[in-house]
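Subject: Structure handover

Hi,

Here is the structure for you to take over. Please look through it first, then read the notes below.

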Amino acid sequence: MATKAKHKDGPISTIRNPFFYVKYGQDKTDMFNAGCTCVVLLSHIRQACGYSNIDKVDLIPINFNDKGVVPLSLMEHSQQYATDYIKDRGHYVLLKISEDEDSVKEYTPLWETEDATRLKGILDAKTSGEKKKAASGKGKKK
C-alpha cells in the first residue's frame, strides 16, 4: 500500500512499502524491505539468512517456471535502489553465485526443497548454454 508524503523539495509523491519475501534454507521464508540500494540489500539478506560466508548472492523470482525468468543480477545495479527490480510483496529464491574460469556465472539455489531442485535444473541448463557460448568464443579467438 502506498502512502502520500511531502518531500523537502516540495511536491507530494507516492512512497511504496517495498516489502518482499526471500525463500532459503530448509524451506524458510523471511520478509525484507527493498527501500535501499541493491548492494546494501544483498549484504543484509546474506547476514540475516546466515550466509555471510558467501561472497556473491542474487535473487530469482519464485515463478521460475516461466521461460523468461532469470536471476535479477542485482549486483550489476549495486548503487541503484532495489525497488526498481523487486516487486512489492514478491516472492524470491536466494541464489549463490560462482564463476568459472571463463567468467560464466553458475547459480545455486540456497533453498532446500523439491522446487529448488527443479530450479537448479533450469539454472544449470542456462549455465550450460552460456558455457558453450564461452567455449565457442575461445575457439574463434585462437
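A residue counts as buried under 20% relative accessible area, as exposed over 50%, and as partly exposed in between. K56 has a relative accessible area of 42%, so K56 is partly exposed. Please keep in mind that this is a predicted model.

**Salt bridges**

Side chains of opposite charge can pair when their charged atoms come close. The count here comes to six salt bridges. Three of them follow.

K56 pairs with E99, and their closest N and O atoms are 3.2 Å apart. K56 sits in the loop between α1 and β5, while E99 belongs to strand β6 (residues 91–99), so this pair ties together parts that are 43 residues apart in sequence. E99 has a relative accessible area of 39%, so E99 is partly exposed.

E76 forms a salt bridge with K105, with the closest N and O atoms 3.2 Å apart. This pair also links distant parts of the chain: E76 is in the loop between β5 and β6, K105 is in strand β7, and 29 residues separate them. E76 is exposed, because its relative accessible area is 55%. K105 is partly exposed, at 28%.

K120 and D124 form another salt bridge, with their closest N and O atoms 2.9 Å apart. Here both partners lie in helix α2. They are four residues apart, about one turn of the helix. Both are partly exposed: K120 has a relative accessible area of 22%, and D124 has 33%.

**Aromatic pairs**

A pair of aromatic rings is described by the distance of the centres and the angle of the planes. Searching the whole structure gives three aromatic pairs. Two are described here.

For F20 and F32, the ring centres are 6.1 Å apart and the planes meet at 35°, so the pair is tilted. F20 is in strand β3 (residues 19–24) and F32 in strand β4 (residues 28–33), so the pair ties together parts 12 residues apart in sequence. F20 and F32 are both buried.

Y24 and Y51 make an edge-to-face pair, 6.3 Å centre to centre with 85° between the planes. This pair links distant parts of the chain, 27 residues apart. Y24 is in strand β3, and Y51 is in the loop between α1 (38–49) and β5 (57–61). Y24 and Y51 are both buried.

Which residues form one aromatic cluster? They are F20, F32 and Y92.

**Largest pocket**

Rolling a probe the size of a water molecule over the atoms shows where empty space is left. The largest pocket holds about 250 Å³ of space. Its lining consists of V70, P71, S73, S103, V104, K105, Y107, L123, K126, T127 and E130. By type, that lining divides into five nonpolar, three polar and three charged residues.

Which elements each supply at least two residues of this lining? They are β7 (105–109) and α2 (114–141). The largest share comes from α2, with four residues.

Best wishes

How values were computed: Residues numbered from 1 in each chain as written. Predicted model: local features only at pLDDT ≥ 70, side-chain atom pairs only at ≥ 80, totals over all residues. Heavy atoms only, no water. 1 Å grid on protein atoms, 1.4 Å probe; cavity = no way out; pocket = protein on both sides within 12 Å on 5 of 7 lines; lining within 4 Å. Points joined across faces, edges and corners; volume = space filled by probe spheres on them. Nonpolar A, V, L, I, M, F, W, Y, C, P; charged D, E, K, R; others polar. Phe/Tyr/Trp six-rings, centres within 6.5 Å; stacked < 30°, edge-to-face > 60°. Buried < 20%, exposed > 50% of the residue type's maximum accessible area, 1.4 Å probe, protein only. Salt bridge = Lys/Arg side-chain N within 4 Å of Asp/Glu carboxyl O.
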